[in-house]
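I opened the model to look up how its parts pack together. My notes follow in the order I took them.

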Amino acid sequence: MTDKPTSETFNWDEAPVNNGPIAPEDMCKASQAFDQWFACLTVGKQLSNYYRYGEKRGCGKHWSKLKLCMGLKLRSGESRKEVLREYREKDEAERNSLPNVLDVWTRRT
């Protein structure tokens, strides 16, 4: 005999709702960083990068993110937020300095 869940076992009206911003601790997941690093190392990704750009793709950025996520587990709350904020600012500045599609294409008028 299996117990089927009923509407009495869980009240949807009393369920906690998180409408606020995502906590900084949730932004850096070690498992996700590991998956990105490992995917970068695969033969398919490396071949497509070699075909497109003529060189092997460096996966150092993914490795540093994995190290950061692992290191955040050892830090206190405020220190963790500060380190993660600095990492995001540095990453954003680096992304903004790289060429993008607007550097290649011009808008038709």
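Predicted model: local features only at pLDDT ≥ 70, side-chain atom pairs only at ≥ 80, totals over all residues.

Entry 1, helix 5. I then listed the buried residues of helix 5 and got V83, L84, Y87 and D91. Viewed down the axis, these buried residues fall within an arc of 95°, so they line one face of helix 5. I checked the other side of helix 5 and noted E78, N96 and S97 as exposed.

I counted 6 helices and 0 strands in the protein chain. Read from the N terminus, the elements run α-α-α-α-α-α. The chain has 109 residues, of which 16% count as buried. I also looked at contacts between residues at least 6 apart in sequence, and 54% of them join residues at least 24 apart.

Which residues of helix 4 meet helix 5? I found K61, K65, L68 and L72 on helix 4, facing R80, V83, L84, Y87 and D91 on helix 5. Helix 4 covers residues 60-72, and helix 5 covers residues 77-97. I read a packing angle of about 165° for this pair, with the axes 10 Å apart. That makes helix 4 roughly antiparallel to helix 5, because angles over 145 degrees count as such. I recorded the crossing of helix 4 and helix 5 as left-handed.

I repeated the length check on helix 2, residues 30-41. Its 12 residues should span 16 Å at 1.5 Å a residue, and its end C-alpha atoms are 17 Å apart, which agrees. Buried in helix 2 are A30, A33, W37 and C40. They cover an arc of only 90° around the axis, which puts them on the same side of helix 2. On the other side of helix 2 I noted S31, D35 and F38 as exposed. I asked what the buried residues of helix 2 pack against. They pack against helix 3 and helix 4.

I read an angle of about 160° between helix 2 and helix 4, with their axes 9 Å apart. Helix 2 is therefore roughly antiparallel to helix 4. On the helix 2 side, the contact is made by A30, A33, F34, Q36, W37 and C40. On the helix 4 side, H62, W63, K65, L66, C69 and M70 make the contact. I recorded the crossing of helix 2 and helix 4 as left-handed.

I picked out F34, which lies in helix 2. Is F34 buried or partly exposed? I got a relative accessible area of 40% for F34, so it is partly exposed. F34 and C69 are 35 residues apart in sequence, and I found them 9.5 Å apart in space, C-alpha to C-alpha.

I placed N49 in helix 3, residues 43-53. N49 has a relative accessible area of 12%, and because buried means under 20%, N49 is buried. Leaving out residues up to four places away in sequence, I found that N49 touches G54, E55, K56 and R57.

Note on methods:
Residues numbered from 1 in each chain as written. Heavy atoms only, no water. Helix = DSSP H or I, 4+ residues; strand = E, 2+ residues; numbered from the N terminus. Buried < 20%, exposed > 50% of the residue type's maximum accessible area, 1.4 Å probe, protein only. Contact = heavy atoms within 4.5 Å. Expected span 1.5 Å × (residues − 1). Arc of directions from axis to C-beta. Axes fitted to C-alpha atoms, helices over the stretch in contact; angles between N-to-C directions. Parallel < 35°, antiparallel > 145°, perpendicular 65-115°, else oblique. Left-handed = near helix turned anticlockwise from the far one by under 90°.
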